[in-house]
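Morning, everyone. I have one model to walk through, and I'll keep it brief.

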Amino acid sequence: MELNDVIRRRRMVRRYHPDQPVTEEDVEALLRHAIRAPSAGFSQGWDFVVLSDPLQRQAFWGATTDPDEEPDSWLAGMQTAPVLIVCLSDKQTYLGRYAEPDKGWADRDEARWPVPYWDIDTGMAALLMLLTAVDRGLGALFFGVPAEHHHDVHEALGIPMDRSIVGVVAVGHPAPDTRSPSLKRGRRPLSAVAHRGRFGVPWE
């Protein structure tokens, strides 16, 4: 599939066919493309925890939801995803990489970083997984984990505390679902977001 077609077809899928598994080959393709994402200093400070077994996925949902509350439509749909990939960033890998002689930030001072590139690069890796899923005829969604549940997810999945949860990629075969009401906002046109040469000069 051509890249333009992949991008046009990409949408966030919130409900999946639970009886249609994702193959090991598909999962490995997502991961192999994810690790091709750009990273500052080629630091590659990311990890991906793949939850493809029902008990593994239940451990995640058990750590992020209240068992006494009935799931809303979004959660009920997401819990049908046969694969969850928890995307983690590793800040210390970046600080260590930039303390090396060719970078020269031996003090490992986090203040040198204008933005947390460890999180940004992991997000880029997640995007490559989303595009790969579409290219292979699958559906996918990237979603965040509320901050108050991060510790429980670390505990449930054995994640070291020096790793940060950037988000989760859900993968599966799309099932019929209602469109997100947020789409009624419409897509902002290039003339509103792209600026030619100077901010405020619209892209015509």
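**Helix packing and a pocket**

Start with helix 3 and helix 7, the latter being residues 150-157. Their axes come within 8 Å and cross at roughly 155 degrees. Angles over 145 degrees count as roughly antiparallel, so helix 3 is roughly antiparallel to helix 7. The crossing of these two helices is right-handed.

One caution before I go on: this is a predicted model.

Which residues make the contact? From helix 3, they are Q56, A59, F60, A63 and T64. From helix 7, they are D152, V153, A156 and L157. By class, this contact of helix 3 with helix 7 has 6 nonpolar, 2 polar and 1 charged residues.

Now the second pair. Helix 2 covers residues 24-34, and helix 6 covers residues 117-135. They pack at an angle of about 140 degrees, with their axes 8 Å apart. Roughly antiparallel needs an angle over 145 degrees, so helix 2 is oblique to helix 6. The crossing of helix 2 and helix 6 is right-handed.

Look at the side chains on your screens. Helix 2 brings A29, L30, L31, H33 and A34 to the contact. Helix 6 brings A125, L128, M129, T132 and A133. How many charged residues are in the contact of helix 2 with helix 6? There are no charged residues, with 8 nonpolar and 2 polar.

Which helix gives the largest share of the lining of the second largest pocket? Helix 3 does, with 5 residues. Helix 3 spans 54-64 and helix 4 spans 73-78, and each supplies at least two lining residues. Sorted by class, the lining has 9 nonpolar, 6 polar and 4 charged residues.

Last, zoom out to the whole chain. The secondary structure comes to 8 helices and 4 strands. From the N terminus on, the order is α-α-β-α-α-β-α-α-β-α-β-α. Along the principal axes, the C-alpha atoms fill a box of roughly 50 × 50 × 35 Å.

That's the tour. Questions, please.

Notes: Residues numbered from 1 in each chain as written. Predicted model: local features only at pLDDT ≥ 70, side-chain atom pairs only at ≥ 80, totals over all residues. Heavy atoms only, no water. Nonpolar A, V, L, I, M, F, W, Y, C, P; charged D, E, K, R; others polar. Axes fitted to C-alpha atoms, helices over the stretch in contact; angles between N-to-C directions. Parallel < 35°, antiparallel > 145°, perpendicular 65-115°, else oblique. Left-handed = near helix turned anticlockwise from the far one by under 90°. Contact = heavy atoms within 4.5 Å.
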